[in-house]
Structures are given as structure tokens and as C-alpha cells.
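These are my notebook entries on a structure that I had not looked at before. I set down what I looked up, one topic at a time.

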Amino acid sequence: MSADASGSQLLPAMLYETFRAAGVAYFCGVPDSLLSPFGYYLADHAGTAHDIAIHEGNAVALAIGAYVATKKVPLVYMQNSGLGNALNPLVSLADPLVMAVPMVLLVGWRGQSGMDDEPQHKKQGPITTSLLDALGIPYQILSKDARQAKLQIGRAVHIAQELQQPVALVVEAGTIAPYDRPGGVQAYPLSREQAIQAVIQSLDERDALVATTGKASRELFEYREETGQGHRRDLLIVGGMGHASTIAAAIAQHKPDRRIYCIDGDGALLMHMGALPIIGSKRLKNFYHILINNGAHESVGGQPTVGFMIDIPAIAQASGYAHVRRVTEATELTAALQAIRELDGPVLLEVRVNTLPRSELSRPTISPADNRAAFMSFLDEV
Ligand SMILES: Cc1ncc(C[n+]2csc(CCOP(=O)(O)OP(=O)(O)O)c2C)c(N)n1
């Protein structure tokens with residue numbers, strides 16, 4: 001086995017060193033499960049030459065700025081689901097017909113044809129390479145062979161520089177070898193799962209729940225399954241990270257006689273934080289936004305967000321939410337969940353939680369379309 005590869009997988013250290021040797025001096029992106037070993041390696045070794053972006057378009061913007069300032073080709077990493085977020089700055093700015101900015105995109109390929117993956121990747125997986133074709137972005141599938149991969153990386157950086165445009169390396173599942181993941185952080189006593197269960201226990205039969213992308217939806221589904229409560233009161237926003245709160249608020253707007261709760265994550269809320277003032281300006285009395293803040297993108301490996309560094313309730317308040325609160329303890333949470341039911345929304349309740357690992361987590365067994373249909377019939381009931 002070579003020192004660059006683990007079996008037929010690429011070592012994160014080799015990837016990093018090869019990009020650096022090719023002239024890449026700045027790395028940014030949004031965490032993805034397939035790329036997470038590389039993300040950890042960057043966090044441990046790249047220092048200020050690495051930023052975790054708020055969304056993939058924001059990562060492209062960071063890369064454009066870095067190139068303009070340094071003349072060096074930057075690297076942007078993302079899950080293929082993030083190509084949608086990246087599309088606008090790629091097409092309207094970085095493209096050779098516009099600003100002509102070189103960068104290498106490292107794209108994790110979820111939902112690749114022939115692979116069994118979650119439903120939110122079913123469309124994005126098969127269209128990933130044709131999307132890159134349509135964008136005129138030259139791409140290669142990153143080889144699992146270290147020697148080949150090194151050549152591809154060198155070539156990608158060179159082509160980006162020569163053609164003055166984005167170039168992509170698409171990363172299949174299992175390409176990158178694991179890197180020691182930091183353990184969970186016990187910054188707060190509650191877990192996300194405990195917070196979700198407390199929210200469920202505070203609801204009555206008519207209340208509806210909209211849950212964000214990642215493990216929050218999976219934990220909600222698993223709990224309903226285990227307790228035999230059924231799933232029709234929950235709408236699981238399995239893709240479209242960051243849009244759960246807007247979807248929930250729009251449901252609240254159109255169903256003013258129902259209480260609508262949104263279980264959100266800090267990574268997701270930050271990804272589309274512009275939703276807050278729009279929700280705040282609507283003065284939705286029946287909207288309850290429960291932010292489960294673990295300061296991390298826990299679902300894809302625990303890479304940090306700025307969730308613990310900023311005051312999200314204060315931002316919500318300044319955005320027009322009628323009531324905001326922060327809790328960290330179980331008893332406070334139960335009391336706050338009871339209290340907010342009597343308040344006119346929009347309400348934002350931040351629950352700060354830990355990222356301690358839990359045992360195996362199942363995946364929803366109902367398709368997103370069936371989930372949507374069942375939830376709609378639940379909303380139709382008086
Ligand atoms: C546009 C987009 N980019 C990246 C991802 C990959 N992804 C899935 S869940 C997740 C992290 C969500 O973090 P947060 O909202 O804080 O919830 P947590 O996982 O910590 O509970 C990410 C980055 C995605 N689904 N969509």
C-alpha cells in the first residue's frame with residue numbers, strides 16, 4: 001500500500017498536499033458526508049487558509065475574492081446538492097463569459113446512478129455530470145488510485161488557471177479514506193434527540209411539525225415509529241437545506257387556525273438566514289420556530305458552524321419575531337414549550353444541545369411524496 005492511499009482510497013493528507021503543491025492556497029466549502037475526512041483534515045491543518053461557508057454560493061464568493069486578492073486558484077468543496085446554491089455565482093460571475101475566475105470544485109457525488117441513496121439525492125445524483133456539462137465546467141471523476149488522483153488534481157488546477165474558469169473533480173462514495181473524527185462535544189446537557197422528543201411531547205393532536213434536513217428528521221421519524229404515533233403530523237424537509245422554516249411559515253400563513261412548529265438546525269438556519277426577516281415581517285401568530293443549535297453540521301460529521309458564536313434569538317427579534325428565548329436545560333425546555341403555546345408568534349425558541357454520538361439511526365421508510373400527501377390530509381382535518 002502506498003503512503004498516499006489506504007487500500008484503494010485516497011488519504012486526506014495526500015489530497016491536501018497535492019492541492020497545495022499544485023498551487024492552491026485557499027480552501028472553502030460546505031461540509032458533505034463523502035468529503036468529511038478531507039474537511040476534518042483541512043480544519044486541523046489549513047488554519048486560516050480554510051473557511052466553512054454558509055452555503056455553496058457563499059463558498060464560490062469566498063473563492064472569487066480569494067483569487068482576486070491572491071491570483072492563486074482556490075478550492076471549493078461541496079455536496080452535489082449544493083450545486084444549486086452555487087449555480088448563480090458560478091454562472092453569473094465565475095464563468096469565462098463574465099469575470100473568468102479560476103477555481104477547482106470538489107463535488108461529493110451523492111445519489112450516483114446504481115447506488116442506493118436517500119430520496120433527496122435521486123434527482124440530483126443522475127443530473128450532476130450533465131449539469132456540469134451544461135455549465136461548461138470541465139470535470140473528471142476523481143480516481144481512487146493515488147497516482148492517478150495526483151495527476152488529475154495537478155491537471156484540474158492547471159486547466160482552471162489556463163482557461164480562467166471553474167473546473168470540477170467529482171468524488172464518488174468511498175473515494176476518500178476515513179480521518180479520525182473528533183468526538184462529540186458536551187457543551188450542553190441535552191441532546192438533539194431529547195430536544196426533539198420534548199417538542200413532540202408538548203404538541204396537541206392538531207399541531208403540525210416541519211423538520212429540517214439531516215438527522216433531525218430521521219430522529220423525529222424514528223421516535224414516531226417507536227412510539228406508534230404515525231407520521232402524518234410531520235413534514236420532513238429531507239432536501240433543500242435551510243428552507244424548512246420558510247415552508248413551515250408559509251403553511252402557518254395559509255392555515256392560520258393550526259399551530260405550525262418548525263424544528264430547525266443551526267447550519268440550516270444560517271444557510272438561509274435571510275428567511276428570518278421575511279418570516280418576522282409576516283407576524284404569523286401560529287408559527288413556532290424551534291432552533292436546535294449544536295454549533296455544528298452534526299449530520300454530516302460535526303464540522304463547526306458559527307451557531308455558538310452569535311446570538312440567533314437576538315437576530316430573530318431584530319427580524320420581527322414577536323418572542324424569542326434560549327434554553328439549555330431539560331426543565332427549562334419543557335417550561336418554555338408550554339409557555340410559548342400561549343404566545344402569539346412568530347416565536348423563536350433556541351435550544352442549545354450537545355453533539356454526543358448516539359447509536360445507529362434508521363432512515364425514514366416513507367417516501368417524501370407520500371409524506372407530503374399524508375401531511376396534507378392531516379392539515380385538511382378540522
Ligand atoms: C445544499 C446542501 N448542502 C449541503 C448538504 C449536506 N448536509 C446535510 S445535513 C447538513 C448539516 C445540517 O446541519 P444543522 O442544520 O446544523 O443540523 P445538525 O446536522 O447539526 O443537526 C449538511 C451540510 C445538503 N443537504 N444540502
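**Entry on the ligand shell.** I began with the surroundings of the ligand in this predicted model, and found that H10 gives the most to the shell, with 3 residues. I then asked which of the 25 residues around the ligand come nearest, and noted Gly-214, Gly-265, Gly-267, Glu-298 and Ser-299. The elements that give two or more residues to this shell are helix H8 (215-226), helix H10 (266-271) and strand E13 (296-297).

**Entry on the two domains.** I next looked up how the chain is divided, and found domain 1 at 5-171 and domain 2 at 192-380. The contact between them takes 13 residues from domain 1 and 13 residues from domain 2. On the side of domain 1 that touches domain 2, helix H2 (residues 36-45) gives the most, with 3 residues, and the residues of that side divide into 5 nonpolar, 6 polar and 2 charged. I also noted that the C-alpha centres of the two domains lie 31 Å apart.

**Entry on Gly-345.** Is Gly-345 buried or exposed? I counted 24 other C-beta atoms within 10 Å of Gly-345, and 20 or more make a residue buried, so Gly-345 is buried. Leaving aside neighbours within four places in sequence, I found Gly-345 in contact with Leu-284, Lys-285, Asn-286, Phe-287, Tyr-288 and Ala-322. I also looked up Lys-282, which is 63 residues from Gly-345 along the chain, and the C-alpha atoms of the two are separated by 9.8 Å.

**Entry on the whole chain.** Last, I turned to the chain as a whole, which has 14 helices and 16 strands. The radius of gyration is 22 Å, close to the 21 Å that the globule rule gives for 382 residues, so the chain is as compact as a globular protein of that length. Taken along the principal axes, the C-alpha atoms fill a box of roughly 60 × 45 × 35 Å. Buried residues make up 48% of the 382 residues. Among contacts between residues at least 6 apart in sequence, I noted that 78% join residues at least 24 apart.

Terms used. Residues numbered from 1 in each chain as written. Predicted model: local features only at pLDDT ≥ 70, side-chain atom pairs only at ≥ 80, totals over all residues. Domains from an automatic or database assignment. Contact = placed C-beta atoms within 7 Å. Helix = DSSP H or I, 4+ residues; strand = E, 2+ residues; numbered from the N terminus. Nonpolar A, V, L, I, M, F, W, Y, C, P; charged D, E, K, R; others polar. Rg over C-alpha atoms; globule rule 2.2 N^0.38 Å. Buried ≥ 20, exposed ≤ 12 C-beta atoms within 10 Å, placed from the backbone. Near = placed C-beta within 6 Å.
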